[in-house]
Amino acid sequence: MSQAFRHHGLHALGGISRELKLQRERQEAAELARRQAEAAAERERNLFTHFVGAVTPLPHTDRFAFEQAPPTPRRLQYELDEERVLHEAMSDEFDVSTLLDVDDQLSFRRPGIGLDVTHKLRAGHWSIQRQLDLHGLRSDEAREALGQFIRLAHRTGLRCVRVVHGKGLGSPGKTPVLKSKVQRWLVQKKEVLAFVQARPAEGGAGALVVLLQPGKRKLY
């Protein structure tokens, strides 16, 4: 074996030895880092016990997870409306006679509303947009239905509606029981500007055409 070949082989073995040494050092460093991380994690797990002491579990084995239900949102506007309705309850004892126009149809117009408004209402100047039929309802049912109908109509921007109270042909004595009550109730609703007896083709003496204050949107 030549001198040059022997020298080259020794040099190569020296390089391999150094590489193996570097690998061992890297492995040892990695192992040291792993042990240090595990020790830190163990210290963190035992931190509570270190400061508080040993903890004895409760004897109960059954465990339940309770989910807290979110609070029910309050319908604030609805509550305010209902409170307002209580203060605006329509009375059967309200004297409406002094507020009605003295004519053959006993029409109504709120103070500040001119006669031209009731004239236009009779002439069909405003188209009837909704109708409420109170036939067959008891007095308390009719009053509640009318109150809800007027509030909803005004809230949705309707201007002209018809309320059918009937002519009383099926009532004892053939008297229109609801007619005077409906007039009395409507006068107490601040949403109502005026009303007149309906034209013959729209119900005549058995119905009223009602003009409401402008609401959120105008439909005419």
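The dialogue below goes through the secondary structure, the sheet and the helix packing of a predicted model.

Me: What should I know about the numbering and about the model before I begin reading?
Reply: Residues are numbered from 1 along each chain as its sequence is written, and side-chain values use heavy atoms, with hydrogens and water left out. Because this is a predicted model, local features need pLDDT of at least 70 and side-chain atom pairs count only at pLDDT 80 or more, while totals for chains, interfaces and linings use all residues.

Me: How many helices and strands does the protein chain have, and in what order do the elements run?
Reply: Helices (H or I, at least four residues) and strands (E, at least two) are DSSP runs, numbered from the N terminus. In the protein chain there are six helices and five strands, and from the N terminus on the elements follow the order α-α-α-β-α-β-α-β-α-β-β.

Me: How do I read a sheet, and what is the strand order here?
Reply: Strands of a sheet pair through backbone hydrogen bonds, either parallel or antiparallel. Two strands are taken to pair if DSSP finds at least two bridges between them. In this model five strands form an open sheet with the order β1-β4-β5-β3-β2 and mixed pairing. Its edge strands are β1 (108-109) and β2 (130-133), each of which pairs on one side only.

Me: Which strands run parallel and which antiparallel?
Reply: Strands β2 and β3 run parallel and are joined by four bridges, with R162 in β3 as the bridge partner of Q131. Strand β3 (residues 160-164) and strand β5 (residues 207-212), in contrast, pair in the antiparallel sense over five bridges; V163 stands opposite L208 in β5, and the bridge partner of V164 in β5 is A207. Strands β4 and β5 also run antiparallel, joined by five bridges, and A194 has L211 in β5 as its bridge partner.

Me: Which helices pack on this sheet?
Reply: Contact means heavy atoms within 4.5 Å. Axes are lines fitted to C-alpha atoms, for helices over the stretch in contact, and angles run from 0 to 180 degrees between N-to-C directions. Helix α4 (residues 115-122) packs on the sheet and touches β1, β3, β4 (192-197) and β5, with its direction making about 50° with that of β4. Helix α5 also packs on the sheet, touching β2, β3, β4 and β5, and its direction makes about 170° with that of β3.

Me: Are the residues of β3 and β5 buried or exposed?
Reply: Buried means under 20% relative accessible area, exposed over 50%, and partly exposed in between (1.4 Å probe, protein chains only). In β3, five of its five residues are buried, with C160, R162 and V164 on one side and V161 and V163 on the other. In β5, six of its six residues are buried, with A207, V209 and L211 on one side and L208, V210 and L212 on the other. Q197, which lies in strand β4, is buried with a relative accessible area of 16%, and its C-alpha atom is separated by 9.5 Å from that of R162, 35 residues apart along the chain. Over the protein chain, buried residues make up 27% of the 220 residues.

Me: How is the packing of two helices described, and at what angle do α5 and α6 pack?
Reply: Two packed helices are described by the angle between their axes and the distance between the axes. Helix α5 (residues 139-155) and helix α6 (residues 177-187) pack at an angle of about 40°, with their axes 11 Å apart. The two helices are therefore oblique to each other, given that angles under 35 degrees count as roughly parallel, over 145 as roughly antiparallel, 65 to 115 as roughly perpendicular and the rest as oblique.

Me: Which residues make the contact between α5 and α6?
Reply: From α5 the contact is made by S139, A142, R143, L146 and I150, and from α6 by L178, K181, V182, W185 and L186.

Me: Which elements do the buried residues of α6 pack against?
Reply: The buried residues of α6, among them L178, V182 and W185, pack against β1, α5, β3, β4 and β5.
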